[in-house]
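Here are my notes for someone opening this one for the first time. Have a look at the picture, then read through the points in order.

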Amino acid sequence: MNKSDSERIATVLEKKGYSPASNINEAGLIVVNMCSIRQSAVDRVFGLSQKFTKLKTLNPKLKIILTGCILKEDKNKFAQRFDLILNIKNLPLWSKILIKPKYGNNFLAFVPVSNGCNNFCSYCVVPFTRGPLVCRDHNEILKEAKEAVKKSFREIWLLGQNVNDYRSPADSSINFAKLLKILNEIPGNFKLFFISPHPKNFSEELINTLAKCEKFGKYLNLPVQSGNDKILKKMNRNYTVKEYKNLVKKIREKIPEIRLSTDVIVGFPGETKKQFENTIKLFKEIKFNRAYIAKYSPRPGTAAYPMKDNVPLTEKKRREKILMKILNNQSIDLRNQ
Ligand code: SF4
């Protein structure tokens, strides 16, 4: 999502007459589009801001803007270091003037369908930094996707923090499944992908639609986050491991060629070795094609923030390694089949 926002910000700036600098020392304007999902990302922006202070002494006319996902606490800390801090929610990144964004490469086009989230998973900053879910008019999405196909983009990636909560503001009967059906009708040689759905409301209608849409790229990122029910409850994910497994079963029955990836957090507050073993078990059972493994990092303002971050970093790394090993072994098995 941040990558897509950056592409759109660059498009606006180019329309205003800016062109990319050959290197950072020659820039007259720097826009930092930050992410707050983990503390390490925030720390990187702090590191960069020190570099910018030096650049400003060499070029006093240099302007530096900060945008993206920024927590209130960090906004106050960054205020001294940037000329302007813009709330990403308030930027007109989807407006009609941007219907032809310049995508970062010639192969895949990121097309946002919604922004923000109403789910409040206990570890996540998105509902605070991006605000509640706001969906984009399906006509605008269709127009942008058609334009991308016309320009020979082979992959259209629909983006949203929780795509299966999508409802078109122009017609509330158009949910995410119906949106996919509409996009599937665009003539041309391309594939449709999307990130990310939430397992709790992945409907039968959506599964059936995916099975029928010949443009669907047969790849699905289905974030599980943990293989233990107690941890899932503490994460406020609103599904159980059994429900997740049933969902995967249904999806695989309808779309046998599907490639599955997942997101998982290791070392959530209070996650015991035994509870982590359930995640190992789930990984062995589901045999994901890929997984994005995050070591838990407390984020201010979230419901999990007051919980004691009591899994040491060394243990988080150990758990991450175990899951990586399972994935690597399984991908060798799949290659040998
Ligand atoms: S559904 Fe995703 S974006 Fe929304 S709160 Fe949960 S993790 Fe964050």
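The points below go from the whole chain down to single residues.

1. Ground rules. This is a predicted model, where local features need pLDDT of at least 70 and side-chain atom pairs count only at pLDDT 80 or more, while totals for chains, interfaces and linings use all residues. Residues are numbered from 1 along each chain as its sequence is written.

2. Overall build. The chain has 11 helices and 13 strands, counted as DSSP runs (helices are H or I with at least four residues, strands are E with at least two) and numbered from the N terminus. Its radius of gyration is 21 Å, close to the 20 Å from the globule rule for 337 residues, so the chain is as compact as a globular protein of that length. That radius is taken over C-alpha atoms, and the rule is 2.2 Å times the number of residues to the power 0.38. Along the principal axes, the C-alpha atoms fill a box of roughly 60 × 50 × 40 Å.

3. Packing. Of the 337 residues, 33% count as buried. Buried here means 20 or more other C-beta atoms within 10 Å of the residue's own; exposed means 12 or fewer, and partly exposed is in between, with C-beta atoms placed from the backbone. Among contacts with a separation of 6 or more, 77% come from residues 24 or more positions apart; a contact needs C-beta atoms, placed from the backbone, within 7 Å.

4. A helix pair. The axes of α5 (residues 138-150) and α6 (residues 176-184) come within 10 Å and cross at roughly 35°. Axes are lines fitted to C-alpha atoms, for helices over the stretch in contact, with angles from 0 to 180 degrees between N-to-C directions. The crossing is right-handed, that is, the near helix is turned clockwise from the far one by less than a right angle. On the α5 side the contact uses His138, Ile141, Leu142 and Ala145, and on the α6 side Leu179, Ile182 and Leu183. By class, that makes six nonpolar residues, one polar and no charged. The nonpolar class is Ala, Val, Leu, Ile, Met, Phe, Trp, Tyr, Cys and Pro, the charged one is Asp, Glu, Lys and Arg, and the others, Gly among them, are polar.

5. The ligand. Which residues are around the ligand? They are Cys117, Asn119, Phe120, Cys121, Cys124, Val126, Pro127, Gln161, Asn162 and His198, each with its C-beta atom, placed from the backbone, within 6 Å of the ligand. This shell has six nonpolar, four polar and no charged residues.

6. Most residues other than glycine have a negative phi, and most peptide bonds are trans. Ile195 and Ser196, however, are joined by a cis peptide bond with omega about -15°, and Ser196 is in the loop between β10 (191-195) and α7 (204-212). Lys218, in the loop between α7 and β11 (219-221), has a positive phi near 55°. For Gln225, phi is near 75°, and this residue is in the loop between β11 and α8 (229-234).

7. Buried or exposed? Gln225 is buried, with 23 other C-beta atoms within 10 Å, whereas Lys218 has 15 and is partly exposed. Ser203, in the loop between β10 and α7, is partly exposed with 13 such neighbours.

Terms used. Two residues are in contact if their C-beta atoms, placed from the backbone, lie within 7 Å.
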